[in-house]
Amino acid sequence: MNLSLIALLCCTAQTAQQPKTQGDAPRKNWVVSAERVYTAAGRSLEHGTVVVQGAKIGMVSSGSEDNGPETLACYAVTPGLVDASVRINSGALSVEQSREETPELRVTDTLSAYDIAWDAQAGSGVTCVLAAAPDLNVIGGLAAVLKTAGEPSIEKRTVKNDAVLRGAIGSQPSRGNHPAFGRPTDFYSRRPTTRMGVEWEWRKSFYEAAASRKDPARAFKGSTQVLAALDGKLTLDIQAWTTQDIRTAVFLKEELEKEPQLGGKPRLVIDAAAEAWKEPELLVRSHTSIVLPPFPEDGRTDDGAFMAWNTAALLVEQGVPIALSAHGDTSPAGRLSMQAGYAMQGGLDFDQALAAVTINPARMLGVEDRVGSLEVGKDADLVLWNGEPFQATSRVIGVIVDGALVLDPRTKQ
Amino acid sequence: MKTSMFTNLARFCALAALVSFAPALQASGGKIVIKAGRVITQAGADIQNGVIVIENGRISAVGPDTKAPWDADVLEHPELVAFPGYVEAHSNRGMDRPNENIEVAPFLDVRDSIDPISFYFEDSLRAGVTTINIQQGNSCVIGGQGMIVKPFGITIEQMAVRTQSGIKVVAGLRPGASRATQAQALRRAFGDLRRYLEKLVQDTRDGKDSARREALFQGKDMDKDENKKGRAMEGSATWKVKDLEIVPRGEIDDKQEPLLRMIEGKLPVFLYCDSATSVGLALEVIRENGLAATTTLVLEGDSWKAADQIAAANLPVILSPNLVYTEREPVTGKEIQTFVPGVFDKKNVRFALQSLTPSAQSLWFQAATCVAWGLERKKALDAVTRTPAEILKLGKRVGSLEAGKDGNVLLLSGDPLAVKTSVQYVVLEGNLVYDRSKDVRVKHLLEGVEQNNAAPTGAQATDDGDDDHKKVPDEIQKKHDAGEKKDEPKKDEDKHDHGGKKD
C-alpha cells in the first residue's frame with residue numbers, strides 16, 4: 001500500500017520534471033547574417049553575424065558567415081524589443097477591487113500563456129514585456145517581466161517575477177467611485193474619489209508600512225511589498241499621464257527619501273508620462289525613469305494629457321532615461337517599432353530610439369543582464385528586419401526568442 | 001471703442017485678403033519656378049537638380065536644364081525633394097453632418113456638407129495630400145454625389161477641382177439592415193427609376209402635364225432648349241425605357257436625374273463593398289445596370305477574398321485603410337495576416353490606397369507600409385499618386401510632375417517614404433500655400449506648447465488664429481527681393497537628414 005503510493009508519487013514527480021528537461025534540451029544553433037547588426041550595446045556592425053547557441057547568444061562578429069540551412073539572412077538584426085507597458089491582462093478580472101491597495105497580488109496568477117495577444121507581440125518583434133494588472137487600484141500589485149514566446153506556460157516565460165510594484169496616480173483609480181453619503185451604499189461607494197484621495201492612499205501605505213517595522217501589529221496585507229518598494233528592493237512603477245500626476249509621483253518619491261521616519265531609497269519609473277516634456281528638470285533631479293505612451297496623432301492622450309512629438313528627444317537631451325511603449329498595439333501604425341519611428345520624427349536619433357525600445361526598458365525592469373542587447377551570453381532574443389528598423393517601409397520578418405525560431409524569415413516574405 | 005473698431009477693420013481686411021487670394025493669383029498668371037535637389041516625377045526617372053516651371057497654375061516644363069523664365073518667382077531648395085501632391089481617391093472626412101439617414105439620396109451633394117474650415121483639410125495639406133475625392137454615404141443604399149477638392153480655400157468654390165465627381169452606391173451593409181434588405185433596397189432603387197421613367201413616358205403620351213408643372217414649380221426654365229429636348233436612354237444597362245425621347249429632359253425630377261445620369265455612364269460610380277459576400281451583389285448591380293466602365297469598387301473588410309471576381313470584372317479598386325487584414329484561424333485560433341494590396345497586385349487589379357489617419361498615417365505612410373510588406377516601391381508610390389488620379393479621371397491633371405499637369409508640387413525634406421521626412425512646402429496650382437516653418441500647429445505638436453488641459457481635442461487655443469497657414473507665405477517674395485539664396489538650414493531640418501539608410 002505504502003509502496004505503491006511512493007511509486008505513484010515518484011511517477012508524478014517524473015512527469016512534472018519532463019517538460020523542464022525538454023525545455024533545457026540543446027536547441028538548433030542559428031546563424032543570423034545581416035547587412036546591419038544593431039547591438040544596442042555601443043557598436044553597430046555592417047555585414048555582421050550573430051550566432052545563437054542554445055538559448056543564448058554565442059557570438060556577435062563582423063563579416064558574414066554561411067552555416068548552410070541554419071543561416072538566416074536579413075537586412076538588419078536588432079535585439080528583441082522590450083515593451084515596459086504592454087497592457088496585456090485579463091481586464092477587470094485581473095484586479096482585486098475589494099481594496100484600493102493590493103500590493104501583494106501577482107498579475108501572473110491571472111495571465112494565460114495561450115492568449116493570442118502574446119503571438120501578436122512576438123510577431124511584431126516585441127520579445128520581452130512587463131505585464132501588469134489594469135490600473136484600477138491605487139496600488140495594483142506585482143507585475144512580471146515575461147517573454148512573449150516559448151512554451152505556453154507563464155512560469156517558463158517569466159524572466160523576472162515581482163519585477164516592479166505597479167500602481168497609478170491620476171484619475172484612473174478613482175474613476176467610477178463615489179462618496180458614501182447621500183446615496184445608497186454600493187460597491188463603488190468607496191474612497192478615493194479624487195486625485196487627492198489617490199495620493200493620500202499612496203502616502204498612507206508607505207507610512208503604515210514604515211510603522212510596521214517597529215510595530216509589527218501595524219503590518220497589513222502587502223506591507224512587505226510596500227516596504228520592499230520603500231527600500232528600493234522593488235522598483236516602483238507608477239502610471240501618471242499629466243504634469244500634475246507626474247509631479248505627485250516625483251514629490252512622493254522625494255518625500256519617501258527625505259522623511260526621517262520613512263528613510264526610503266525608492267527607485268521610480270513613471271509609466272505613460274505623456275506630459276514629462278513640461279518639467280523634465282524634476283525628473284532629472286529625482287533620478288526618475290520614464291516610459292512614454294504611444295505617440296498620439298493630435299497630441300491628445302488619456303487623462304487629458306498632451307504629448308508633444310519631441311518628448312522623447314527632449315527627455316534624452318536632458319538626460320532622463322526613457323523607454324517607448326505601444327501599449328500592446330501591434331498594427332502597422334501602432335506597433336512598437338513605429339513608435340520608435342515617431343520618436344525619430346520628433347528628433348530622436350536612431351541609436352537612442354533603439355535604446356528606448358531595448359536596453360533602456362530592460363534596465364528599468366532590472367533584466368538588463370538577460371535581455372535588451374546583442375551581447376555574448378545574453379538571451380538569444382533577436383529580431384530580423386527586411387529594411388532599416390523603425391522605418392515605415394520595414395517590417396519584422398524573423399523573430400528568435402530564447403534561441404527558438406518563432407517567426408521564420410525563410411517562409412514569410 | 002476705437003480699438004475694437006480698428007481690430008474689426010483689420011479682421012475684415014485679413015478676411016478680404018484671404019477670400020481674394022486664391023482666384024486673384026490664378027488670374028494674374030503668376031510664374032513660379034521650383035528648383036529641387038531631386039525631382040521625383042512619377043513619370044519616368046528621377047531628375048537630379050531638377051527645375052519645375054509652373055505658369056498659369058499648370059506645369060509648363062520639368063527637366064534638369066529647363067530654363068527659368070526671367071520674371072518668375074523662384075523657390076530654390078537644393079536640399080529638398082520635389083514630389084507630386086498625393087491624391088486621396090476616397091474620403092468621407094472633412095464634412096459637417098453628412099447624410100447617412102436617407103436610404104436613397106442621389107439628389108444630395110457633398111458640396112453642401114463639406115466644411116472648408118475642417119481640420120481635416122489643414123491636416124491633409126500638411127501631409128501633402130493635394131487632391132481629395134470626398135464621397136459620403138457608406139451607410140446608405142445610394143448615397144449622395146461626391147466632389148473632388150483641393151485642401152485649400154475658405155469656400156467650396158475655391159476648393160473645387162470637380163463637382164459631381166461621382167455617386168456612392170452601397171452593396172455593403174448599412175446599420176440595422178440585413179444582407180437581404182440591403183440587396184432588395186438596392187435593386188428596388190433601380191426598379192423605381194425604371195418605373196418612374198416609364199410612367200413619365202406614359203404620362204407624356206396621355207398628355208398629362210403633372211411632370212411639367214412639377215418642373216416649373218422647381219423653378220426650371222422649360223423654354224430652354226436643353227430642357228425642352230428629349231433624348232433616348234443611353235448606357236449599356238440590360239433594361240431600357242422605350243420612347244424616353246418623347247419626354248422633355250427638363251421634366252425629369254431632380255431627385256431621379258442623377259440616377260439616370262449614372263445609368264447613362266455620365267456619373268462615375270463608387271460602389272462600396274463591406275465584405276466579400278457583398279461583392280457578388282455589387283457585380284450584379286454593375287452587370288444589370290451597365291456600370292462596368294464607370295465603376296470603382298471601394299473595399300472594406302474581407303472584400304479582398306473576392307479578388308478573382310473583381311479581377312475578372314476588370315474593375316479598379318480603392319482599398320481599405322487597413323492594409324493588413326487580420327483574422328483568426330477558426331480551428332487553431334491563430335492569427336492570420338493578409339497583406340491586401342499584395343493580393344490585388346498579383347491579380348493585376350489597379351488599386352489606390354486611402355489614408356489611415358489624416359495626419360500621422362497619411363498616404364505616405366500607407367505607401368511605406370506596402371513597401372514593408374514587399375510591394376515594389378514604384379507600385380506603392382503609384383497607388384497614392386498616379387492610380388488614384390486615373391481612377392478619378394484626373395490622369396491628365398494630377399498624379400505626376402509632367403508638362404501640362406496642374407502645378408501641384410510638394411517639397412519634402414527627404415525621401416517620400418522615410419519616417420523622418422516632412423512636407424516643407426506645398427505649391428498648389430502654382431501658389432505656395434503651405435510653409436512648414438510658419439505652421440504654428442505643427443510646431444505645437446512637435447515641440448509642445450503651454451496650453452489648457454481642458455481644451456477639447458483638436459481645438460488648441462492659439463493666439464495665431466485658425467487660418468494662419470492659409471495666409472500667403474512671403475517666402476517667394478523674400479527670395480525674389482533678396483535675389484540670392486540665403487537659407488540657413490533650420491535646426492530640425494538637420495535632424496531630419498538621417499532618414500532611412502535603405503532608401
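These questions and answers walk through a predicted model with chains A and B.

Colleague: How are residues and chains labelled, and which pLDDT do local features need?
Modeller: Residues are numbered from 1 along each chain as its sequence is written, while chains are lettered from A and ligands numbered from 1 in the order in which they are written. In this predicted model, side-chain atom pairs count only at pLDDT 80 or more, totals for chains, interfaces and linings use all residues, and local features need pLDDT of at least 70.

Colleague: What is the mean pLDDT of chain A?
Modeller: pLDDT is the predictor's confidence in each residue, from 0 to 100. In chain A, 92% of residues reach 70 or more. Residues 1-25 of chain A are below 50. The mean for chain A is 90.

Colleague: How far apart are the centres of the two domains of chain A?
Modeller: Domain bounds come from an automatic or database domain assignment. Domain 1 of chain A covers 26-79 + 373-413, and domain 2 covers 81-371. Taken over C-alpha atoms, their centres are separated by 30 Å.

Colleague: Which elements of domain 1 of chain A each supply at least two residues to the side that touches domain 2 of chain A?
Modeller: Two residues are in contact if their C-beta atoms, placed from the backbone, lie within 7 Å. By that rule, 20 residues of domain 1 of chain A meet 23 residues of domain 2 of chain A. Helices (H or I, at least four residues) and strands (E, at least two) are DSSP runs, numbered from the N terminus. The elements are β4 (71-79), β14 (396-401) and β15 (404-407) of chain A.

Colleague: How many charged residues does the side of chain A that touches chain B have?
Modeller: The contact joins 33 residues of chain A to 37 residues of chain B. Ala, Val, Leu, Ile, Met, Phe, Trp, Tyr, Cys and Pro count as nonpolar, Asp, Glu, Lys and Arg as charged, and the others, Gly among them, as polar. On the chain A side, 13 residues are nonpolar and 13 are polar. The charged residues there number seven.

Colleague: Which element gives the largest share of the side of domain 1 of chain B that touches domain 2 of chain B?
Modeller: Chain B has domain 1 (20-84 + 400-438 + 473-496), domain 2 (88-173 + 266-391) and domain 3 (179-261). The contact takes 14 residues from domain 1 of chain B and 16 from domain 2 of chain B. Elements giving two or more residues to the domain 1 side are α1 (2-28), β18 (423-428) and β19 (431-435) of chain B. The largest share, three residues, comes from β18(B).

Colleague: Which strands stand at the edges of the six-strand sheet of chain B?
Modeller: Two strands pair if DSSP finds at least two bridges between them. The open sheet has the order β7-β10-β11-β12-β13-β16 in chain B, with mixed pairing. Each edge strand has a single partner, so one side of each is left without a neighbour in the sheet. The edge strands are β7 (142-145) and β16 (351-352) of chain B.
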